[in-house]
Amino acid sequence: MVNPTGYREVPERGAGLVCSWTAALPAGAEPFVQRVVPDGCVDLIWSADGIQVAGPDTGPMPAALRPGAEMAAVRFGPGAAPPVLGVPADALRDGRGPLRDLWGGAADELAEAVAGAGSREARRAVLVAGVRARAALAGPVDPLVPVVVAGLAGGSVREVADAVGLGERQLRRRSLAAFGYGPKTLQRVLRFQRALGLARSGMALADVAQAAGYADQPHLANEVRALAGAPVRALL
């Protein structure tokens, strides 16, 4: 099925952002439901209803778009959002809620500024600038974030805990606050995203399973169904 929203990503650097994105559903189109799958990230999504906070997710989340709807958003990488939003990531897990609950009137001011921009690209740029300005006033990201992300790509939770000098219980507590997940779930989500990237490049699924760190192709298939609620070929 072709995505009718014209979804477009723009890479971003700094302020903990990995990208910004826009999407819109033409006024004459049929309503559309996008399957959102876990990626360890947190998005701030502007629409006519204001700015919503999305994620991090542990399973598939349907995102319904009405005809005529338009969105502009920014995406924080794993572990980067809590200092900017002012809450631990596990308070946001599997949730969708107004940014106003976290930023108060500042969220409404930013939403109004985005709405007042003259084009879809201008709205995206205003949102990015506003989030960057807020991030400049925030505290630092937990220094364990890059170490844990890198370590879980090739090692066990115990190995990562030993490498950072923490017990597994302490590592779990820090991971929940930073990522919204314990380290084992984070490892599953990151491996799942790595597998999707390899599969989208055209690699055979048996080779994807091996390269991404699954025991075999059935293990890959089971994990994709568990995290995305659909077979990997359907996602692709």
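**Group meeting: a walk through the predicted model**

Okay, let's start with Glu223, which sits in helix 10, residues 217-228. Helices here are DSSP runs of H or I with at least four residues, strands are runs of E with at least two, and both are numbered from the N terminus. Before I go on, the housekeeping: this is a predicted model, so local features need pLDDT of at least 70, side-chain atom pairs count only at pLDDT 80 or more, and totals for chains, interfaces and linings use all residues. Residues are numbered from 1 along each chain as its sequence is written, and side-chain values use heavy atoms, with hydrogens and water left out.

Back to Glu223. Is this glutamate buried or exposed? Buried, because its relative accessible area is 11%; the cut-offs are under 20% for buried, over 50% for exposed and partly exposed in between, with a 1.4 Å probe and protein chains only. And what does its side chain pair with? The side chain of Arg191, through a polar contact of 3.4 Å. By polar contact I mean a pair of N or O atoms within 3.5 Å; within protein, one must be able to donate a hydrogen and the other to accept it, and residues adjacent in sequence count only if both atoms are side-chain atoms. Setting aside residues up to four places away in sequence, Glu223 touches Arg188, Arg191 and Tyr214, where contact means heavy atoms within 4.5 Å.

Asp108 counts as partly exposed because its relative accessibility is 28%. Its side chain makes a polar contact of 3.0 Å with that of Arg100. Also have a look at Ile51: it is 57 residues from Asp108 along the chain, yet the two C-alpha atoms are separated by 7.9 Å.

Next, the cysteines. How many disulfides do we get? The count comes to 0, using a cut-off of 2.5 Å between a pair of cysteine sulfur atoms. Take Cys19: the closest cysteine sulfur is in Cys41, and at 7.5 Å that is too far for a bond.

For the classes, Ala, Val, Leu, Ile, Met, Phe, Trp, Tyr, Cys and Pro are nonpolar, Asp, Glu, Lys and Arg are charged, and the others, Gly among them, are polar.

Now the largest pocket, with a volume of about 1600 Å³. Of the 46 residues lining it, Tyr7, Gln34, Arg35, Val36 and Ala63 are the closest to its centre. Among the elements giving two or more residues to this lining are strand 2, strand 3 (32-36), strand 4 (42-47), helix 8 (183-200) and helix 11 (232-235). By class we have 28 nonpolar, 7 polar and 11 charged residues. On method: we use a 1 Å grid over the protein atoms alone; a cavity is a set of points where a 1.4 Å probe fits but cannot get out, a pocket is an open set with protein on both sides within 12 Å along at least five of seven lines, and lining residues have an atom within 4 Å of a point. Grid points are joined across faces, edges and corners, and the volume is the space filled by probe spheres set on them.

Staying with strand 2, that is where you find Thr22. Thr22 counts as buried because its relative accessibility is 4%. Beyond its neighbours within four places in sequence, Thr22 is in contact with Gly6, Tyr7, Arg8, Met71, Ala72, Arg120 and Arg124.

Last, some backbone points. Ala15, in the loop between strand 1 (8-11) and strand 2 (17-24), has a positive phi, near 60°, without being a glycine. Asp94 also has a positive phi, about 55°, and lies in the loop between helix 1 (81-85) and strand 8 (96-98). And where is the cis peptide bond? From Gly55 to Pro56, with omega near 0°; Pro56 is in the loop between strand 5 (50-54) and strand 6 (61-65).
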